[in-house]
Amino acid sequence: MSEKNLNKVKRKKEERLGFNWFFWLSFVVLMIPVCYFLYLLYQASQESNVPILGDRIKDSIIYNIKDEDLSSINSQVTQLDGVEKVEVNLSVETLRILVDYDDTYTKDQYKQLCTDIYQIVDGQIPVATYFTRDGDFKQYDLEIVVYDNMELEDVRIATIYKTSNMESYKYQDYSEPIDSDLAYQLTHPQEDDVDANSAGNYWDGGGNE
């Protein structure tokens, strides 16, 4: 083979090799953002059912509630009479205790149960320390919810709640309205309309006479 032909073959090989390097380099550059995007999609799919808990007072807590504290509270509350189901969770710096209670118990028993749960929490993680503001440090909030059968029309729900800014907790029974007169007006609007119409008809009759 002549020297001229050898040079042509070498040039063709070099051109072919150069083209391959360009192709693979371009492929790698394109795949980097594609792989990153696929990774983000995978992470999003894995966390799709995970709530966003937030850290509103992340840097303001000096006494931290531990997992073993939550487990102990759950175990102690479960052992109380009348308790059918317990859920204890700590999210958005609020300790929430949800308790499904016996449907046949009275409102006084519901209030007593809320108080008993509060005392269990106070015994495990003292309220004065973990749920009370300490100077510039804002601690956790506490929410205890006791309810009976949620499928009942007259479901009973009672709560004890305390924010770190409150000196003491507040108890509220949502089954009993604070303003009974206002509650009656809101739940019986038709009766008010009937009374108003009756009064109007009576007045018209008197005017015609």
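How many disulfides does the count come to? The count comes to zero disulfides, a disulfide being a pair of cysteine sulfur atoms within 2.5 Å. The structure is a predicted model, in which local features need a pLDDT of at least 70 and side-chain atom pairs count only at pLDDT 80 or more, while totals for chains, interfaces and linings use all residues. Residues are numbered from 1 along each chain as its sequence is written, and side-chain values use heavy atoms, with hydrogens and water left out.

**Confidence**

- The protein averages a pLDDT of 76, and 64% of the residues score at least 70; pLDDT is the predictor's confidence in each residue, from 0 to 100.
- Among the elements of the protein, α2 has the highest mean pLDDT (95) and helix α6 (residues 189-208) the lowest (51); helices (H or I, at least four residues) and strands (E, at least two) are DSSP runs, numbered from the N terminus.
- The pLDDT is below 50 over residues 50-54, a stretch that has three contacts in the model beyond near neighbours in sequence, where contact means heavy atoms within 4.5 Å.

- Five strands form an open sheet of mixed pairing in the order β1-β2-β3-β4-β5, with two strands counted as paired if DSSP finds at least two bridges between them.
- Because β1 (83-91) and β5 each have a single partner strand, they stand at the edges, and one side of each is left without a neighbour in the sheet.
- From one strand to the next, the twist averages 10 degrees; axes are lines fitted to C-alpha atoms, for helices over the stretch in contact, and angles run from 0 to 180 degrees between N-to-C directions.
- β2 and β3 run parallel and are joined by seven bridges, and Leu98 stands opposite Val145 in β3.
- β3 and β4 pair in the antiparallel sense over six bridges, and Ile144 stands opposite Ile160 in β4.
- β4 and β5 run antiparallel and are joined by four bridges, with Asp173 in β5 as the bridge partner of Ala158.

**Helices and core**

- Helix α2 (residues 67-78) lies across β1 and β2 (94-101), running at about 160 degrees to β1, whereas helix α3 (residues 107-124) lies across β1, β2, β3 (141-147), β4 and β5, at about 145 degrees to β3.
- The largest nonpolar core has 29 residues, of which Leu95, Ile97, Phe131 and Val146 touch the most other members; such a core is a set of buried Ala, Val, Leu, Ile, Met, Phe, Trp, Tyr and Cys residues joined through side-chain atoms within 4.5 Å.
- The largest share of this core, seven residues, comes from α3.
- Leaving aside neighbours within four places in sequence, Leu95 is in contact with residues including Leu70, Ile73, Val121, Phe131 and Leu142.

**Exposure of selected residues**

- β3 is mostly covered, six of its seven residues being buried; buried means under 20% relative accessible area, exposed over 50%, and partly exposed in between (1.4 Å probe, protein chains only).
- Cys114 counts as buried because its relative accessibility is 0%, whereas Cys35, at 42%, counts as partly exposed.
- Ser168, in the loop between β4 (157-162) and β5 (170-173), counts as partly exposed at 44% relative accessibility.
- The C-alpha atoms of Ser168 and Phe131 are separated by 9.9 Å, the two residues being 37 residues apart along the chain.
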